[in-house]
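Q: I have a chain and its model open on the screen. How should I read it, one feature at a time?

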Amino acid sequence: MASNNGSVGKWEVVKKGKKNNSSGGAKNATDKKTGSGGRKALGESNQPSRPPLKMSETVYDGFEKMGKKQNKEQVPPPVEPQSKKPSSSKPSKKSHSSSTVTPATHKTLEEAFKNLDVGDLKQQLARSQTLFPENPSVWVKDLAGYLNLNLTAPETEPTLSSYAHDYPYCLTGKELKGVIKGLIGRCSDILPDFFDHCVYTMLRELDRQSGEPLHGYRVCIQAVLQDKPRIATQNLPEYLELLRSVQNRPVKCLTIMWTLGQAGFYDLSQGLRVWLGIMLPVLGVKSLSAYAIAYLERLLLLHANLTKGFGIMGPKEFFPLLDFAFMPKNALSSSLQEQLRRLYPRLKVLAFGAKPESTLHTYLPSFLSRATPHCPDDMKRELLNCMTECLCVDVQSLGVWRQLYTKHLPQSSLLLNHLLKSWNILPPKLRKNLEETIQSFRVTNEEMRDTIESHDLQECNNLCQNLQVKMRGHGIPWSKLLMVLLVFAAGFIAHDIRSQGSFKDSTTAMYLRNSGVTAVSQQAWGKITVYSKQGFSWLETNTPYYYSECARVLGPLMEQGLENAKTAAIFISENTTQFILWVKEKTPLVIEWVNTNTPDSVFQVLAYLKELLLLLHQNYILPALAYMSDLLQRAWTNLQDSCNGEVSVSCLQGHALSFTNSTWQLLQHTTSAIKTWAQELLTRA
């Protein structure tokens, strides 16, 4: 395989008939034992680390074994014949050790990226692709090895929590990013194996006492997951087993969690799968809990739109989070529990999903079983609110509650009491749906009273009675009260008329005449009768004609317009949705393509142009504007002075006339001078 350190161009040729040393024999034996199919076993990184390979010019020459496992027939082309004199192992070791060049350690990773020779990297990758044209796994491993060898800067801690989510990949320049993206795009089929290779190599480096920085592998992992985040979630159970096997090594565990968690920054659904499959099972581990919750917080803050995460979390994953957030004295510290509780509302939205009206009934049994009388107050309040939401949103929750009622009497009494206290703010639909449920509870209570005598049953029965009273009492019945008043008034008037013999002689008529109501009523009734007769006669005459005309003229137009409006609305809706999805999908790719393929010189020219425009603006445009403003101010002042402090139309007319006269005189003088000068020339001639 290509060697990618400072002393490039040196190749080792395996010659037939030449005796190998002990290390070479061991390597060949290993090559024969190892197959080339599929991704490696995830427990490999948990094995004891092997001693460093001898006679290796770079830290990633050990990857040559993996390349030869799949390509035993591919060897570098023969070089010029060398001397066949046998050489002992000691001079060989000496010559190789003398040619090894250790890259300088940089103070910061930014400095390491700045000093990275991208041209040399391109040469190494081109040589690797020439030597192994059908083995792209060698290309990407050469890339990872070269980057890790040259990005030598101290590592702070394995999770890089104090940096941006895409650190250290965000430090790559446009040219280097283009090289990485281009190579990864050509090797898409072997990216899962390459991802595993980077993870296991990082873990093996952590086993060494003088382990080197892992920035190169981190960059490759982020570059792979940026385009294909699903690679991180293909083998989550195996990675969880690996994580538990190294649970006593926090640095290794955090490295695995960081590596898999990178997928979530580019795809919310994959990030949730990683968190639920890897980080939630170890949430109670003291050394890992802080990073797990910090990652979840960063993930939810980065993805403001939670719709892409629907369908990932269900009751099985949601209720452990509920217990961690609200149960006191659990494995989390108080600060971490408070941090998780702040994230809980968004987690609940993710759990309930896009259609809570059809899924919330599956959450009700677990909510109900946890709502015991001895439950902590905060958790009890949250459980009661969640159960009320289930009953309001999902109608099937009422049927589930009826099935669980007899086995959860204490919990049901708490829920009934909560519904009774919040009856006035419950939605009308829930109030109506509760009538049948409460009645069935009453029947069940009567049946159970003969066999069971308990305080919880009596409490539930009393609450059901109170709820039924609430259901039947709907406040002041204004309609019935008005009806009673009208009936009473009609009865009083009828009795008055009957006792006086006629309406004119009744007390009611006398009061109406004395108050003037009768006269006004008769006058109003007369006008209403006249105008009503006129209106009805006009309608009888003209309504059929105007209706037929409107139906004849506007009917077809309205039908056609309605059909066109429906068609246009459907067309616009479909195309707008497709266009929005297309823009969301293509915009990041276009931005990435522009940033990748635009040379640095273009950005430098733009920067210089910006500086030039700023220079012109500050040194020339602003002074010129200030000078013109000063001139205009002086001219206005002089104009005011010439007009005796007040600029008027007559003054402006006088100035215009004076300017015209002076211009005309100047033109006359100039013409006269030219005429005189011409005459003198002619006279001399």
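A: Start with a pocket. This is a predicted model. In the second largest pocket, α7 (174-186), α9 (215-227), α12 (268-279) and α24 (517-597) each supply at least two lining residues.

Q: Which helix gives the most to that lining?
A: Helix α24, with 10 residues.

Q: How many residues line the second largest pocket, and which lie nearest its centre?
A: The lining has 26 residues. Nearest the centre are Q226, Y266, E585, P588 and L589. The volume of this pocket is about 1100 Å³.

Q: Now the whole chain. How many helices and strands does the chain have?
A: It has 26 helices and zero strands.

Q: What share of the residues counts as buried?
A: The figure is 35% of the 685 residues. The chain exposes about 42100 Å², and carbon and sulfur atoms supply 59% of that area.

Q: Among contacts between residues at least 6 apart in sequence, what share joins residues at least 24 apart?
A: That share is 76%.

Q: How do I describe two packed helices?
A: Two values do it: the angle between the axes and the distance between them. Take α14 (residues 315-326) and α17 (residues 377-393). Their angle is about 145°, and their axes are 9 Å apart.

Q: Which residues of α14 and α17 meet?
A: From α14 come L322, D323 and F326. From α17 come D378, M379, E382 and L383.

Q: What should I expect of backbone geometry?
A: Most residues other than glycine have a negative phi, and most peptide bonds are trans. Now look at the exceptions in this chain. L160 is not a glycine, yet its phi is positive, at about 50°. K329 is another residue other than glycine with a positive phi, near 60°.

Q: Where do L160 and K329 lie?
A: L160 sits in the loop between α6 and α7. K329 sits in the loop between α14 and α15 (334-352).

Q: Is L160 buried or exposed?
A: L160 counts as buried because its relative accessibility is 3%, and the cut-off for buried is under 20%. K329 counts as exposed because its relative accessible area is 86%; exposed needs over 50%.

Q: Which peptide bond is cis?
A: The bond from Y167 to P168 is cis, with omega near 10°. P168 belongs to the loop between α6 (136-150) and α7.

Q: How do I read a single residue in its surroundings? Where is Q337, for instance?
A: Ask for its element, its burial and its contacts. Q337 is in helix α15. Q337 is buried, with a relative accessible area of 11%.

Q: What is Q337 in contact with, leaving aside its neighbours within four places in sequence?
A: The partners are F324, A325, F326, M327, P328, N330 and L332. For M327, the C-alpha to C-alpha distance to Q337 is 9.1 Å, across 10 residues of sequence.

Q: What about residues between the two cut-offs? How does E435 count?
A: E435 counts as partly exposed because its relative accessibility is 40%. E435 is part of helix α20 (residues 428-449). Its C-alpha is 9.9 Å from that of C464, which is 29 residues away along the chain.

Q: And H617: which helix holds it?
A: Helix α25 (residues 600-642). At 36% relative accessibility, H617 is also a partly exposed residue. Leaving aside its neighbours within four places in sequence, H617 is in contact with L622 and P623.

Definitions and conventions:
Residues are numbered from 1 along each chain as its sequence is written. This is a predicted model: local features need pLDDT of at least 70, side-chain atom pairs count only at pLDDT 80 or more; totals for chains, interfaces and linings use all residues. Side-chain values use heavy atoms; hydrogens and water are left out. On a 1 Å grid over the protein atoms alone, a cavity is a set of points where a 1.4 Å probe fits but cannot get out, and a pocket is an open set with protein on both sides within 12 Å along at least five of seven lines; lining residues have an atom within 4 Å of a point. Grid points are joined across faces, edges and corners, and a volume is the space filled by probe spheres set on the points. Helices (H or I, at least four residues) and strands (E, at least two) are DSSP runs, numbered from the N terminus. Axes are lines fitted to C-alpha atoms, for helices over the stretch in contact, and angles run from 0 to 180 degrees between N-to-C directions. Contact means heavy atoms within 4.5 Å. Buried means under 20% relative accessible area, exposed over 50%, partly exposed in between (1.4 Å probe, protein chains only). Accessible areas come from the Shrake-Rupley method with a 1.4 Å probe; for residues, only the protein chains shown count as cover.
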